[in-house]
Amino acid sequence: MTLRGKGINLQVLTECICYLLFGYLLFQLTFSGGYLNYVTPRMKPYLYGMSALMLLWAVFTGRYLLTPRYRVRLARSFVFIIPILLLAFRPADPGGSSMVRSYESSGFSMGFGNGGGQMAGNPGRKPAGSTVRQTLPAAGGESRGPLTDGETGSGLPDGENTETDGYSGTDAYPEDDTGQSYGEENPWYDLRGLDEAEKTITIADEDYYTWMYELSNFYEKYEGYTVVMKGFVFRTPDIQKKCDFALVRLSMWCCAADLTPIGFLVDSDSEVTFKDDDWVTVTGTFGISEHEESLILKAQSIEAAGKPEEEYVYPYF
């Protein structure tokens, strides 16, 4: 295109429109909370920052709106077309087991792929210290299988672990700024919903991950308690060999690519008519499975429940 004197620069105008549109759609996604289907709440300030950056970029580029050019290259703006279309026409949010990767081994684990070592339970007993299977990070960051007799939570053979509290190699007892560690009777998080007198635990949506951590690390303390919790029905062939189904929610450590089911096995004396991905509230007795390899709820009642406003669980205390 040849120079035609003063007038609007089409290339600058197109770029400014793309910047503003992309920034607006990103801001809308963040402000509405829709971003939580893709990334964790920790990303919220960064998404707002990106929206502001798009606005500043449009203002900076707009200075040249009336500056003529000899040649207009509109193709430079096409790089924004795909993200703008993805934000404007987002597909329906998938949920439930459709977001779970293949877990065909012995079920699922509290921290598989995102900090499994932190979820290790009491190594002084058979491996019931995770929601279904206890896993620890092996050399190179890979997950290990269940602890076996003769192993400790630190990954050292018996006799080589100098710790005596049964939780070395985990973050169960972190230290505060003064270097003082918190013990089991003084956790660094609130245990809301606990009634020790009645031996009941009512797990609210916002306390789900806290209780998954607490129960999987200190499960012996809560054996026999009545637990009331909500999740969706999750089944695999391996799970169905052990119980009726698993009651889980999906944990997002970083983004949707690392979604992991966390919860407990559920066994019921009555026929379970709920289908996979149905949201239910289970009231059951908390305990250890027959072979002491899994934590399980012996269901007293199973009732239909509504999907929570925030379907995913974000593991931050």
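Guide: Let us begin with the overall picture, remembering throughout that this is a predicted model. Of the 317 residues in the protein, buried residues make up 41%. The secondary structure comes to five helices and seven strands, and from the N terminus on the elements run α-α-α-β-β-α-β-α-β-β-β-β.

Visitor: How should I describe the way in which H1 and H2 pack?

Guide: Two packed helices are described by the angle between their axes and by the distance between those axes. Here, H1 and helix H2, which covers residues 44-62, pack at an angle of about 160°, and their axes are 8 Å apart. Since an angle over 145 degrees counts as roughly antiparallel, H1 and H2 are therefore roughly antiparallel to each other. The crossing of H1 and H2 is also described by its hand, and this one is left-handed.

Visitor: Which residues form the nonpolar patch on the surface?

Guide: The patch is formed by Ile 8, Leu 10, Leu 13, Ile 17, Leu 66 and Leu 74, which together have about 550 Å² of accessible area. Take Ile 17 as a case to look at: this residue is found in helix H1, residues 10-32, and because its relative accessibility is 47%, Ile 17 counts as partly exposed.

Visitor: How many residues of H4 are buried?

Guide: A residue is called buried when its relative accessible area is under 20%. By that reading H4 is mostly covered, with 10 of its 10 residues buried. Among them are Tyr 208, Tyr 209, Trp 211 and Tyr 213, together with Glu 214 and Asn 217.

Visitor: Which residue forms a salt bridge with Asp 205?

Guide: The partner of Asp 205 is Arg 249, and the closest N and O atoms of the two are 3.5 Å apart. This pair links distant parts of the chain, since Arg 249 is in strand E4, residues 245-251, and Asp 205 is in the loop between E2 and H4, 44 residues apart. Arg 249 counts as buried at 2% relative accessibility, whereas Asp 205 is partly exposed, with a relative accessible area of 32%.

Visitor: Where do the partners Arg 235 and Asp 276 lie?

Guide: Arg 235 forms a salt bridge with Asp 276, with the closest N and O atoms 2.8 Å apart. Arg 235 is in the loop between strand E3 (226-234) and helix H5 (237-242), and Asp 276 is in the loop between strand E5 (260-267) and strand E6 (279-288), so that the pair links distant parts of the chain, 41 residues apart. Asp 276 is partly exposed, having a relative accessible area of 38%.

Visitor: What is the phi of Lys 199, and what is that of Asp 277?

Guide: Lys 199 has a positive phi of about 55°, although it is not a glycine. Lys 199 lies in the loop between E1 and E2 and is partly exposed, with a relative accessible area of 46%. For Asp 277, also a residue other than glycine, phi is positive and near 80°. Asp 277 has its place in the loop between E5 and E6, and at 29% relative accessibility Asp 277 counts as partly exposed.

Visitor: How far apart are Glu 310 and Gly 34, in sequence and in space?

Guide: The two are 276 residues apart in sequence and 9.7 Å apart in space, taken from C-alpha to C-alpha. Glu 310 has its place in the segment after strand E7 (295-304), and at 41% relative accessibility Glu 310 counts as partly exposed.

Note on methods
Residues are numbered from 1 along each chain as its sequence is written. This is a predicted model: local features need pLDDT of at least 70, side-chain atom pairs count only at pLDDT 80 or more; totals for chains, interfaces and linings use all residues. Side-chain values use heavy atoms; hydrogens and water are left out. Patches are made of residues with over 30% relative accessible area and no salt bridge: like charges are joined within 9 Å, nonpolar side chains (Val, Leu, Ile, Met, Phe, Trp, Tyr) within 5 Å. Accessible areas come from the Shrake-Rupley method with a 1.4 Å probe; for residues, only the protein chains shown count as cover. A salt bridge is a side-chain nitrogen of Lys or Arg within 4 Å of a carboxyl oxygen of Asp or Glu. Helices (H or I, at least four residues) and strands (E, at least two) are DSSP runs, numbered from the N terminus. Buried means under 20% relative accessible area, exposed over 50%, partly exposed in between (1.4 Å probe, protein chains only). Axes are lines fitted to C-alpha atoms, for helices over the stretch in contact, and angles run from 0 to 180 degrees between N-to-C directions. Angles under 35 degrees count as roughly parallel, over 145 as roughly antiparallel, 65 to 115 as roughly perpendicular and the rest as oblique. A crossing is left-handed if the near helix is turned anticlockwise from the far one by less than a right angle, and right-handed if clockwise.
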